[in-house]
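Here is a short briefing to read alongside the model.

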Amino acid sequence: MFTLPFPLRDANASSGGKDLGDLPEWDLTDLYAAPDAAEVKRDLDWLEEACKSFAADYEGKLGTLDAEGFLDCVKRNERIQSVAGRIMSYAGLRYYQMTIDAGRAKFMSDMQDKITTFTTPLVFFTLELNRLPDDFLDGLFAANAELARYKPVFDRIRAMKPYQLSDELEKFLHDLGVVGDAWEKLFDETIAGLTFEVDGEELNIEGTLNLLTDQDRDAREAAAHELARVFEANIRTFARVHNTQAKEKEVLDRWRGMPTAQTARHLSNDVEPEVVEALRNAVVAAYPKLSHRYYELKRKWLGLDTMQVWDRNAPLPAEEVRTVDWAQAREMVMGAYGAFDPRMAEIAEPFFDKGWIDAGVKPGKAPGAFAHPTVTDVHPYVMLNYLGKPRDVMTLAHELGHGVHQVLAAGQGEMLSSTPLTLAETASVFGEMLTFRRLLDNAKDQKERKTLLAGKVEDMINTVVRQIAFYDFECKLHEARRGGELTPDDINAIWMSVQAESLGPAFEFMDGYETFWAYIPHFIHSPFYVYAYAFGDGLVNALYAVYREQPEGFQDKYFEMLKAGGSKHHKALLAPFGLDATDPAFWDKGLSMISDMIDELEAMED
């Protein structure tokens with residue numbers, strides 16, 4: 001089934017401001033001119049016929065093909081993926097611009113229904129592929145170098161072999177997928193339709209979450225209580241969505257014989273469970289020297305006996321209230337990218353000038369931010385909810401990093417360009433690091449340096465500690481759901497168990513904070529996605545250390561890594577840098593960079 005990826009960043013990263021300049025909007029005409037454009041019907045008609053003829057030509061016959069015939073089969077499959085991906089990218093991006101628009105929602109649902117129906121005959125391909133003997137495939141790869149290029153795709157498909165169901169059941173599940181998508185749409189539309197009232201002003205969720213970073217503590221507190229009030233009023237809906245999604249996953253996992261709820265995510269990420277476990281354990285063990293230690297520092301800076309949850313993302317008392325307009329944000333990020341390598345800025349330039357970014361906050365627009373690669377013969381699109389605080393600049397740097405990665409990887413073609421989530425966060429987090437380091441190097445005094453360092457530590461804690469806490473929440477939620485229906489109170493209790501552990505003793509938790517799991521989109525759209533952020537942050541910290549120590553030739557190796565897309569395993573991609581994520585000590589290196597920054601902040605207190 002073809003769906004639009006929904007890689008939203010934590011919505012807490014959003015911020016606010018006024019007079020931001022001319023914020024760009026998407027120009028989707030590179031995909032299609034309009035929903036009723038003749039090209040949409042043309043591509044749907046082509047897709048329907050292409051899927052039928054593909055099944056007629058190849059079903060039951062993969063084992064009879066020679067290398068050249070198998071390559072033709074793969075290329076036809078790739079072309080089908082490209083056309084279907086173009087249609088769904090267009091439908092999905094229009095929808096995310098205005099999720100409460102019934103026409104856009106209907107168009108996306110109709111396209112999903114049609115494409116699911118058209119592609120059902122293709123389900124045989126992976127099932128039959130997994131029944132072929134290893135030596136048969138190895139012989140084909142040995143006979144044709146162009147076909148051998150696709151081996152990583154086949155390796156990932158064949159990793160699912162132990163969990164494959166009958167052909168009939170797989171086709172049934174393929175068709176049924178659109179029903180599961182309805183729960184995701186319900187979540188999106190519910191979130192987008194929420195309204196909050198703070199100090200007499202009506203806000204959407206982005207504007208309300210933004211107030212949690214306000215200089216005024218009363219405004220932060222009012223926003224936190226209003227978020228809790230609205231989440232509580234809708235908690236039954238959110239609990240129903242989570243219960244249904246988790247139960248559906250439990251049924252699928254049980255039928256497939258998957259050993260854990262996380263197994264499918266690890267397989268799709270092409271990462272070994274023990275690597276993720278080592279990451280998770282390293283981060284949890286580091287809570288005291290990272291989040292606990294930092295928030296104790298912040299408690300003192302804020303002059304508080306105890307921190308409340310609305311103080312977590314508060315600006316420092318000495319921090320200037322600052323609005324960064326769009327032109328400044330562009331200059332900051334592009335300057336950092338260009339200083340690292342002019343090629344990086346050159347790749348990023350069209351995003352600003354050609355309608356590849358949708359930046360403004362608008363009623364009904366999906367919250368958060370993402371970069372969607374669309375298809376390899378078009379280009380990526382970046383969504384932001386840009387409201388003008390320095391953290392929004394980092395979100396721009398992050399999503400633009402994704403965009404650069406996606407442009408570079410497009411040369412691999414439709415089946416090999418897509419990067420596992422664990423590696424997909426590399427370029428985005430690296431883009432943030434470049435922007436941060438440029439700002440830090442240009443800090444005019446110790447006070448500005450402290451503000452920048454503290455902001456980066458908080459971003460890293462949000463990316464590493466918070467996301468691993470999210471991962472633990474999901475692990476506990478899915479495990480508990482296997483024992484039966486979860487009440488809202490049950491889910492609240494699971495949420496609080498990981499929050500207290502990760503944030504530490506500096507915090508008190510207000511009544512109502514227990515419902516704040518409700519708005520996190522990853523839990524619904526991409527279960528267990530969240531550890532990819534921590535993976536990416538740790539990996540980038542290690543990469544950046546290599547760059548600082550051995551800058552000679554680093555850029556070329558970095559670009560080669562991004563160009564590889566999904567064609568190489570993380571071990572092969574990191575080997576040129578002398579790094580290995582399967583080494584348990586690898587994660588400690590990345591975490592030590594955060595710890596070192598906190599050391600520097602503590603030293604400033606003396």
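Two residues are in contact when heavy atoms of theirs lie within 4.5 Å. In the protein chain, 80% of the contacts with a separation of 6 or more are between residues 24 or more positions apart. Please keep in mind that this is a predicted model, where local features need pLDDT of at least 70 and side-chain atom pairs count only at pLDDT 80 or more, while totals for chains, interfaces and linings use all residues. Residues are numbered from 1 along each chain as its sequence is written, and side-chain values use heavy atoms, with hydrogens and water left out.

**Overall shape**

- The protein chain has 26 helices and five strands; these are DSSP runs numbered from the N terminus, with helices (H or I) of at least four residues and strands (E) of at least two.
- A compact globule of 606 residues would have a radius of gyration near 25 Å, and the 24 Å of the protein chain agrees with that. This radius is taken over C-alpha atoms, and the globule rule is 2.2 Å times the number of residues to the power 0.38.
- Along the principal axes, the C-alpha atoms fill a box of roughly 75 × 55 × 45 Å.
- Of the 606 residues in the protein chain, 60% are buried, where buried means under 20% relative accessible area, exposed over 50% and partly exposed in between (1.4 Å probe, protein chains only).

**Around His372**

- His372 lies in strand S4, which covers residues 370–372, and is buried with a relative accessible area of 3%.
- The side chains of His372 and Ser89 are joined by a polar contact of 2.8 Å. Such a contact is a pair of N or O atoms within 3.5 Å; within protein, one must be able to donate a hydrogen and the other to accept it, and residues adjacent in sequence count only if both atoms are side-chain atoms.
- Gly403 is 31 residues from His372 in sequence, and their C-alpha atoms are 7.7 Å apart in space.

**Aromatic pairs**

- The whole structure holds 47 aromatic pairs. Rings of Phe, Tyr and Trp (its six-membered ring) pair if their centres lie within 6.5 Å; planes under 30 degrees apart count as stacked, over 60 as edge-to-face and the rest as tilted.
- One of the pairs, Tyr471 and Tyr531, is edge-to-face, with 5.3 Å centre to centre and 80° between the planes.
- Tyr471 is in helix H20 (residues 465–481) and Tyr531 in helix H23 (residues 531–549), so this pair ties together parts 60 residues apart in sequence.
- Tyr531 is buried, with a relative accessible area of 0%.
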